Structures are given as structure tokens and as C-alpha cells.
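Keep the structure open beside you as you go.

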Amino acid sequence: MDFSNPDTGHELALRMAELAREIAAPRSLERLLAEVTIAAVDLVAGADLAGVLLVKKGGDFESLADTDGLVARLDKLQHDFGEGPCRDAALKETVVRSDDMRDEQRWPRYSPAAVQHGVLGSLSFRLYTAEQTAGALNLFSFRAGAWDTDAETVGAVFAAHAAAAIMAGRHGEQMQSALTSRDRIGQAKGIIMERYGVDDVRAFELLRRLSQESQSKLVDIAQRVIDTRADG
């Protein structure tokens with residue numbers, strides 16, 4: 001993308017604003033990340049494919065929002081070989097750039113395999129996600145020498161939006177989990193109040209005491225109380 005061209009700069013600003021609004025709206029994480037990767041391919045010069053790689057604490061890989069099935073295959077190669085640009089970006093470095101995989105020495109097993117799939121260039125950006133998960137936004141090109149400083153700059157902006165989407169998605173999941181837990185505890189309190197003729201304070205105290213004595217989570221104790229009603 002040529003930043004000296006006002007039209008392209010304006011298009012980038014519009015897409016960034018649109019992505020920011022999408023992140024704030026209630027959407028699935030997969031949908032949000034797909035919009036990021038599609039926009040990245042549209043606006044990062046030289047990018048033919050894009051995807052997001054998440055690396056879990058145990059070492060499992062998860063490919064998300066790939067614009068082509070080839071991206072997931074490239075991720076699997078990096079998992080199997082234990083090396084590659086996306087893996088390095090997720091776990092070690094902020095930006096990992098390769099201009100020509102045919103001359104790449106950092107990944108002796110992965111690079112030839114990527115070339116066999118027609119991929120000659122890669123550009124990966126670390127996502128600041130969470131303690132248990134590392135991630136990277138990854139761009140691929142079918143030609144060598146595709147990247148310049150503008151590509152790195154625009155890619156970094158998209159990486160920030162991808163990270164924001166992941167964090168927003170996690171926050172939504174946590175909120176939903178908290179609401180579900182609150183509802184279960186409320187139901188259990190109601191059952192205890194009805195069954196034993198106590199007020200809500202005494203009912204909650206009973207739940208809390210059972211949780212401590214059994215060393216179980218309060219919400220799990222609440223679910224057991226609810227199950228007793230279901231079981232008659």
C-alpha cells in the first residue's frame with residue numbers, strides 16, 4: 001500500500017474504523033478474525049493468503065480465519081516440524097519476515113515444504129493474547145520480495161485489531177460464564193429457601209459452607225442442588 005496516495009490511505013482508515021466497530025459489536029470470534037484476515041489480504045501489498053495461528057500452552061496449534069485452506073496446512077507443517085515463521089512470531093519474536101523461502105536458513109525443514117506449496121514469502125506478527133495462549137497474524141505471498149516497510153506497518157495495525165478481537169471474544173465468554181454461574185447459584189438458593197424455609201442469606205451461607213467442606217466450587221455445589229430437584 002502506498003501511503004503517499006491519499007486514496008489508499010483513506011481506504012485503510014475506513015477499513016480500520018469498520019473493524020473497530022465490528023469488534024465492539026456482538027460477533028463470534030471466528031467471524032471477527034475472518035474480517036481481519038480478509039481485509040489484510042485486500043490492503044497489504046503482496047499478501048495472497050492470511051490466517052491466525054493460536055499456540056496453546058500445551059503446544060497444540062489452532063488455525064483460525066484462514067482465507068484459504070492452504071494456511072491451515074502451513075500451520076500443521078510448522079507444528080509437525082517444530083519450526084516456522086508463524087510459530088516463531090507467536091512464541092518468540094514480534095515480527096518475523098521472510099522475503100524468499102527458497103533462500104531461508106532459519107527453518108530448514110519448513111521452508112522447502114512451503115515452497116512446494118507455492119509460498120515464497122511470509123510476514124508474521126505476534127498477537128498479545130493471554131498467558132495460556134500465544135498467537136500470530138500471518139500473511140503469505142506466492143512471490144518473492146513481496147514485502148516492504150508499508151506492508152509491515154499495515155500488517156502490524158491488522159495484528160492489533162486481531163488481538164483486540166481475541167481479547168473481546170474472551171471477555172464475552174467470561175461474562176457469559178459469570179452470568180451462567182450467577183443464575184445457577186440463584187436457582188439453588190431458591191430451592192434451599194423453599195425446601196428449608198430459610199431466607200436468602202441463610203441459603204447462600206449453606207451453599208458456601210458446603211463448598212468449603214467439599215472443596216468444590218460454589219457453582220458446582222449449586223448445580224448439585226438444582227440436580228436434586230430434577231431427580232425428584
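The exercises below look at charged side-chain pairs in this predicted model.

**Exercise 1.** Find how many salt bridges the structure holds.

*Solution.* The structure holds 8 salt bridges. As background, side chains of opposite charge can pair when their charged atoms come close.

**Exercise 2.** Examine arginine 31 and glutamate 35: what links their side chains, and where do the two residues lie?

*Solution.* Step one: check the distance. The N to O separation is 3.1 Å, and the cut-off is within 4 Å, so the pair counts as a salt bridge. Step two: place the residues. Both belong to helix 2 (residues 29-43), and because they are 4 residues apart there, about one helical turn separates them. Step three: look at accessibility. Arginine 31 is partly exposed at 44%, whereas glutamate 35, at 17%, is buried, since buried means under 20%.

**Exercise 3.** Work out which residues are linked with Arg97 in a network of salt bridges.

*Solution.* Step one: take aspartate 99. Its side chain meets that of arginine 97 in a salt bridge of 3.0 Å, N to O. Step two: take glutamate 152. Here the closest N and O atoms of the salt bridge with arginine 97 are 2.8 Å apart. Arginine 97 sits in strand 3 (residues 95-98) and glutamate 152 in helix 6 (residues 149-196), so this pair ties together parts 55 residues apart in sequence. Arg97, Asp99 and Glu152 form a linked network. Arginine 97 is partly exposed at 26%, aspartate 99 is partly exposed at 33%, and glutamate 152 is partly exposed at 26%.

Key
Residues are numbered from 1 along each chain as its sequence is written. This is a predicted model: local features need pLDDT of at least 70, side-chain atom pairs count only at pLDDT 80 or more; totals for chains, interfaces and linings use all residues. Side-chain values use heavy atoms; hydrogens and water are left out. Buried means under 20% relative accessible area, exposed over 50%, partly exposed in between (1.4 Å probe, protein chains only).
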